[in-house]
Amino acid sequence: PMGRRNAKKRRKAPPIPENRLSFSARSAIMIEHRKNRGLPWKREAADMLSMTGYGKGEYAEGGIRLTAEVRSVNNRYLDVAVKAPKIFLSREDAVRALVRKKVGRGHVDVFVSLKDEREKPASFQPDLRVAAAYLQAVRALQTAFPETENDFTLTALLKVPDVLKQEESALDEELTAALDRALSEALDALNRMRETEGKKLK
């Protein structure tokens, strides 16, 4: 019984949640994290950064209107979530890499919105599988009701939903440059806000 009581006494206390640590303790953790990532880690720079912040960047040229917004909250490690139009799916890894380059730690949400108003030729692609299914249904109806006149034409087929589909725009260099510029601007604004808020916490 005595040994059991001593064992209970020797149990380590649970770690203190990071949001209850002092500012200097949080700064020490941040410095170590930045060292491990090869980022600038001098105490005077790290001490001045709050974990919470917001930044916004915009690009509006040549018919492209793109907005990037970045929000960060406290988190021991860097965690990045990206919400962007489907056209930027192939750029998500590059977006995360840019965030890692400019932000050492915290949970970071990235929001991207796009209006592409550039004049581009429309491109349509027929869905032959859907068209064939409709034609098969028409022929089956004609067989079942031979007395009915078949007035189903190609023009009528083109009016059937989903037979013609407009091809989506592809990601091009101009859109890629717009995303990179707006996101960099948003991250710089985020860090300025974090620095301002960090000074207030000192």
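In the predicted model, R65 stands opposite K115 in strand β4. The two strands concerned, β2 and β4, pair in the antiparallel sense over ten bridges, where two strands are taken to pair if DSSP finds at least two bridges between them. Secondary-structure elements are DSSP runs numbered from the N terminus, with helices defined as H or I over at least four residues and strands as E over at least two. Residues are numbered from 1 along each chain as its sequence is written, and side-chain values rest on heavy atoms, with hydrogens and water left out. Because the model is predicted, local features require pLDDT of at least 70 and side-chain atom pairs count only at pLDDT 80 or more, whereas totals for chains, interfaces and linings use all residues.

The protein contains seven helices and six strands, and from the N terminus on its elements follow the order α-α-α-β-β-β-α-β-β-α-α-β-α. Of the 202 residues, 29% are buried; buried denotes a relative accessible area under 20%, exposed over 50%, and partly exposed the range in between, with a 1.4 Å probe and protein chains only. Among contacts with a separation of 6 or more, 78% are made by residues 24 or more positions apart, contact meaning heavy atoms within 4.5 Å. The mean pLDDT, the predictor's confidence in each residue on a scale from 0 to 100, is 80 for the protein, and 71% of the residues reach 70 or more. Over residues 43-47, pLDDT stays under 50, and the model has nine contacts for this segment beyond four places in sequence.

Four strands form an open sheet of mixed pairing in the order β1-β2-β4-β3. From one strand to the next, the twist averages 15°; axes are lines fitted to C-alpha atoms, for helices over the stretch in contact, and angles run from 0 to 180 degrees between N-to-C directions. Strand β1 runs antiparallel to β2 (residues 64-73), to which it is joined by nine bridges. Within this pair, G53 has S72 of β2 as its bridge partner. Strands β3 and β4, by contrast, pair in the parallel sense over six bridges, and A81 is bridged to D109 in β4.

Helix α4 (residues 92-102) packs on the sheet and touches β3 and β4 (106-116), its direction making about 140° with that of β3. Together, β3, α4 and β4 make a left-handed β-α-β unit; a crossover is right-handed if, with the strands pointing away from the viewer, the path from the first strand over the helix to the second runs clockwise. The buried residues of α4 are V95, L98 and V99. Viewed down the axis of α4, these buried residues fall within an arc of 100°, so they line one face of the helix, the arc being that of the directions from the helix axis to the C-beta atoms. D93 and K101, on the other side of α4, are exposed.

Apart from neighbours within four places in sequence, M193 is in contact with G53 and Y54. The C-alpha atoms of M193 and T52 are separated by 8.4 Å, although the two residues lie 141 residues apart along the chain.
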